[in-house]
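Subject: A structure for you to explore

Hello,

Here is the structure I promised to pass on. Please open it beside this message, and then read on for what was found.

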Protein chains: 2
Amino acid sequence: MTRSNTNQNSPLTIGVDIGGTKITVLLMNRNARIIDAATRSTDTNASPEKVVQDVAASIRNTFPNYEDTVSSAGLGVAGTIDRKRGIVQSAPNLGWNDVPLASRLSAKLQLPVHIANDVDAATYGEWKHGAGQGVDDLIGIFLGTGIGTGVITGGRLLESENGSAAELGHVPVIHEGRSCTCGYRGCVEAYAGGWALGEIARERVREHPENGRTMVDIAGSVDQITARTVSEALEQGDDLARELVQESGKILGTWATGMVNAFHPKQIVIGGSVGEGIPVLGTILEEELRKGAFDEFATTVDVVESRLGNQAVAVGAAALSLFTRQSTS
Amino acid sequence: MTRSNTNQNSPLTIGVDIGGTKITVLLMNRNARIIDAATRSTDTNASPEKVVQDVAASIRNTFPNYEDTVSSAGLGVAGTIDRKRGIVQSAPNLGWNDVPLASRLSAKLQLPVHIANDVDAATYGEWKHGAGQGVDDLIGIFLGTGIGTGVITGGRLLESENGSAAELGHVPVIHEGRSCTCGYRGCVEAYAGGWALGEIARERVREHPENGRTMVDIAGSVDQITARTVSEALEQGDDLARELVQESGKILGTWATGMVNAFHPKQIVIGGSVGEGIPVLGTILEEELRKGAFDEFATTVDVVESRLGNQAVAVGAAALSLFTRQSTS
């Protein structure tokens, strides 16, 4: 049920990013000018009821008069979202399945609520209000623990019939390659997602401890090496870190070459914590795709950094709530 | 310039498939009932003028009264097409670059003429009038000498801003793998396109002549082994042929897994001469993607054979000429 609301023409909307460890809420106008924002911690593995309460409390505390001024709220959630019906089908980070989040929050907030996959929201945000304004064919690549992607094609968010996101991170680049969290093998995420970069680094350090001294010093032990360790070792000029990043970057480039041939984007927007922490990954990706993809696309695609940074999900979710109808029955 | 024409509401349209060695023309009504069709040979490497003449002659000979009854003509051409402007940007099979084919034919035929990439046309044909009717998210896979693909997403043909096709055949499946005709490495076409299947077979027979006797017998010599040889050897129960087809099929399956994760199609339509000659390739592809892709898509996607067969390009091109505006200035 979509809540009736008397502020439908209000220029203000709320964007929410529900992560595994924190909730970000922001209030913005139709030009995506952010009027106020706040972040609070949440439990990983919180129940849907708890998260609904936390989100509502965050909004009430941060924007006490929201009911008088806000026309809608949009939420981005990591997981498989049935965007048409406002249901979180599965959110492994939160441990949820089939949660009708939009209707529950809508009842609590007395506002129309729209939910979307977080990476779709971030891509939409970059398109409408960030690096991709005016570009109707773009791919958003968010290199974090995993590799999240969103695709705008022909001025439209690419999604399945029920609104699931384009999972380009689970396109294989090495037939019968490394095991991926999705259950398949050889996905690009299994070579260049943050978890994979850490896993590969730990393997390599165990094989050749003499090359891993810098990383072990940084992390404390081999077992504690993560993508962040690789990033820090790279900054210290460590050879193994450079080698690992080169390898992952080239695989990202092979993958991006295929994605450019498939989608012919005019722009690729790169963001995410690993993308920002190890920016050379984006540089290598770009070098590779310019060599690899069909000339007419390799020479015309722009590769740019995310402009909205860690607010991309909330901004995009807010924008989606303005531009998209969603039934929350 | 779009030709003025008094038959705009006529139910009849002409579809043309310009291949490297032959031209197919057909006359169909709006339900894609084919009233008449003809095929004539053409030169490979014919000049654009010669092909325009040949197409016009084919149409005049086959449908003498077309000017009184036909509302438009659509052509499918193998190559990079600027569909919006009706220009063949490059057609390697024909040796063409930047040929304003739509306007030239339009002037010759005194009809509105629309041109499209042949595989996009075939995919559109299968969607509107073939195996994919009513399915708004599908991928057409045409396994021939190369691997041609077309994508319908959200009830719309996926194409670049100027109308170029989705080149999923040039998505790499093996990082730093076999050299491809596109200049890059590891593309799925370099493992499962007809040319690659022949190339790999020749390599394998040279390495192990004792396993290649059946294929050499069929082809006459190692150098003459092609994908067709593999197909014939497979029918004779040859072990090497079975091994090669298994390998290519599994690589196709890895690739298809990625494409299902990326596009979430409801249907995959498989056609093309190699797809029809070695149908087990489609079977293996389907087995692999059902194991590999995200459950919610792997279990719901239909994998079906092309219904329009070798008329798909002409039927789709005709349908595109009815449903799409194209300026042919």
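Through which surface do the copies meet? They meet through the same surface, because 100% of the interface residues of chain A are also interface residues in chain B.

Before the details, a word on the source. This is a predicted model, in which local features need pLDDT of at least 70, side-chain atom pairs count only at pLDDT 80 or more, and totals for chains, interfaces and linings use all residues. Residues are numbered from 1 along each chain as its sequence is written, chains are lettered from A and ligands numbered from 1 in the order in which they are written, and side-chain values use heavy atoms, with hydrogens and water left out.

**How the two chains are related**

**Where they touch**

Chain A gives 40 residues to the contact and chain B gives 40 residues, where contact means heavy atoms within 4.5 Å. Together the chains bury about 3300 Å², with 60% of it on carbon and sulfur atoms. Buried area here is the accessible area (1.4 Å probe) that two parts lose on being put together, summed over both. On the chain A side, A:His175, A:Tyr184 and A:Phe294 lose the most area to chain B, together 19% of what that side buries.

What kinds of polar link join the chains? There are 16 residue pairs in polar contact between chain A and chain B, both residues at pLDDT 80 or more. A polar contact is a pair of N or O atoms within 3.5 Å; within protein, one must be able to donate a hydrogen and the other to accept it, and residues adjacent in sequence count only if both atoms are side-chain atoms. The count of salt bridges between chain A and chain B is 0.

**Salt bridges over the whole structure**

A search over all chains finds 26 salt bridges, each a side-chain nitrogen of Lys or Arg within 4 Å of a carboxyl oxygen of Asp or Glu. Here are two to look up.

One joins A:Arg206 to A:Asp223, with the closest N and O atoms 2.7 Å apart. This pair links distant parts of the chain, 17 residues apart: A:Arg206 sits in helix α6 (residues 194-207) of chain A, and A:Asp223 in the loop between α7 (213-219) and α8 (227-235) of chain A. Helices (H or I, at least four residues) and strands (E, at least two) are DSSP runs, numbered from the N terminus. A:Arg206 is partly exposed at 47% relative accessible area, while A:Asp223 is exposed at 57%. For these words, buried means under 20% relative accessible area, exposed over 50%, and partly exposed in between (1.4 Å probe, protein chains only).

Another brings together the side chains of B:Arg40 and B:Asp54 (3.8 Å, N to O). B:Arg40 belongs to strand β3 (residues 34-41) of chain B and B:Asp54 to helix α1 (residues 48-62) of chain B, 14 residues apart. Is B:Asp54 buried or exposed? B:Asp54 is buried, at 7% relative accessibility, whereas B:Arg40 is partly exposed at 29%.

Enjoy exploring!
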